[in-house]
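Here is a short briefing on one protein chain. Start with the sequence and the structure below.

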Amino acid sequence: MNRSPMRLTAAQLHQRLIHAQAEAAKLEIELKRYKNDYHYNMIDQLQAENKQLQERLEQALNEKHKLLEELAEAKAKSFTNPPPPKEAAPAAGPEVKVQEEEHPSPKEKLQESTFYVAHRAAPHEPTSEMSPNWFSRNLLDRGRSKKE
């Protein structure tokens, strides 16, 4: 059956050696095939990409830390040396006043709009939220709350 290597002849030992070498060569070829396999390549690519992303993250964190330090320094400086008060703006000329008079404010435009005027005098009736006049009710409520 299974003889020990001490009892084998030289030819039998040589045959076993050749068989073992062939098995080793076969396994080396299979290992190369596995290494060239798509999934193993993907693992290598992902590991390289992970390393690059970790380096970028480290750089971004260092940059963030530097910016936070600069911000803290700027705040400290602003508390110790407050900015000078702003000078009063020169009075506006008559041209600006004329422009203001020509262009009514948004509130005046709303009060002059036909939709708002037509519904302004309507009595306030509490209705359900599903009423088709919710827009006009909201406008009326806004107008009344500002008057009060």
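Tyr-40 is partly exposed, at a relative accessible area of 43%; partly exposed lies between buried (under 20%) and exposed (over 50%), with a 1.4 Å probe and protein chains only. This is a predicted model: local features need pLDDT of at least 70, side-chain atom pairs count only at pLDDT 80 or more, and totals for chains, interfaces and linings use all residues. Residues are numbered from 1 along each chain as its sequence is written, and side-chain values use heavy atoms, leaving out hydrogens and water.

**Around Tyr-40**
- Tyr-40 belongs to helix H2, residues 38-80.

**Fold**
- The protein chain has six helices and zero strands. These are DSSP runs, numbered from the N terminus: helices are H or I, at least four residues, and strands are E, at least two.
- The element order from the N terminus is α-α-α-α-α-α.

**Burial, surface and contacts**
- Of the 148 residues in the protein chain, 5% are buried.
- The accessible surface of the protein chain is about 14400 Å², with 57% belonging to carbon and sulfur atoms. Areas come from the Shrake-Rupley method with a 1.4 Å probe; for residues, only the protein chains shown count as cover.
- Among contacts (heavy atoms within 4.5 Å) with a separation of 6 or more in the protein chain, 17% link residues 24 or more positions apart.
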